[in-house]
Amino acid sequence: MDHSTAAKESHGRFARKILRPRRIATILAAAAIVSSGLLFVDSRRIDSGPNAEDPKCSKVVDQSPGEVASGSRDWAIGQGVASWGSGSTILRCGVDELKPTVNLCISVDGVDWVLDEGRLKETGVSVLTTYGRSPAVEVTYSGGREEVGGVLVELKKSVDGIPQNRKCVGYGETL
């Protein structure tokens with residue numbers, strides 16, 4: 001038997017070992033697990049705000065509670081972000097600061113929040129952004145409107161580390 005025939009037989013035995021049904025099933029199962037893991041990771045990816053690298057944002061995320069609106073904290077990918085309840089509540093630190101607006105501004109335990117009324121009407125989702133704090137923090141909540149105040153109370157300690165340099169002004173205070 002010459003060298004090339006021996007090499008062909010060796011290659012054939014190797015291919016038969018690799019292509020056994022059990023090995024094929026194992027390879028397919030591993031591929032399915034890896035691809036489903038990648039889908040899971042991507043589903044928890046949250047876009048970071050443009051100023052998310054601010055060190056204050058790390059503190060906001062670190063001080064965020066383990067539970068918000070009865071939802072446990074999720075595993076989320078993104079700088080300056082946190083998520084709870086399978087994404088029903090999302091916090092993003094480092095979003096653009098708001099300029100004075102006529103949108104509804106509410107003060108919850110000393111933190112001023114502005115409701116994005118346009119997004120609420122369009123999607124039914126409450127999006128609130130801190131007012132007068134740099135960097136700004138945005139909270140998106142897809143639960144009932146009556147629960148939003150409780151969500152903001154639960155997130156107060158997270159946002160408190162960012163000093164407030166402006167406050168919301170009501171109509172009566174401008175006259």
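The dialogue below treats the sheet and then a helix.

Modeller: This is a predicted model, in which local features need pLDDT of at least 70 and side-chain atom pairs count only at pLDDT 80 or more, while totals for chains, interfaces and linings use all residues. Residues are numbered from 1 along each chain as its sequence is written, and side-chain values use heavy atoms, with hydrogens and water left out.

Biologist: In what order do the six strands lie in the open sheet?

Modeller: Strands (E, at least two residues) and helices (H or I, at least four) are DSSP runs, numbered from the N terminus. Two strands pair if DSSP finds at least two bridges between them. Here the order is E3-E4-E8-E7-E6-E5, with antiparallel pairing. E3 (81–84) and E5 form the edges, each pairing on one side only. From one strand to the next the twist averages 25°; axes are lines fitted to C-alpha atoms, for helices over the stretch in contact, and angles run from 0 to 180 degrees between N-to-C directions.

Biologist: Which way do the side chains of E6 point?

Modeller: In a regular strand the side chains alternate between the two faces of the sheet. In E6 (residues 111–115), five of five residues are buried, where buried means under 20% relative accessible area, exposed over 50% and partly exposed in between (1.4 Å probe, protein chains only). Val 111, Trp 113 and Leu 115 point one way, and Asp 112 and Val 114 the other.

Biologist: Which strands pair with E6?

Modeller: E5 (residues 105–108) pairs with E6 over four antiparallel bridges, and Ser 107 stands opposite Asp 112. Two residues separate the strands of this hairpin, and Asp 109 there takes a positive phi near 50°. E7 (residues 126–130) pairs with E6 over three antiparallel bridges. Leu 128 of E7 is the bridge partner of Leu 115, and Thr 130 that of Trp 113.

Biologist: Which residues of helix H3 are buried?

Modeller: An α-helix has 3.6 residues a turn, so residues three or four places apart point the same way. In H3 (residues 55–62), Cys 57, Val 60 and Val 61 are buried. They lie on the same side of H3 because they cover an arc of only 95° around the axis, taken from the directions from the helix axis to the C-beta atoms. The face turned away from this buried side carries exposed Pro 55, Lys 59 and Asp 62.

Biologist: Against which elements do the buried residues of H3 pack?

Modeller: They pack against E3, E4 and H5, contact meaning heavy atoms within 4.5 Å.
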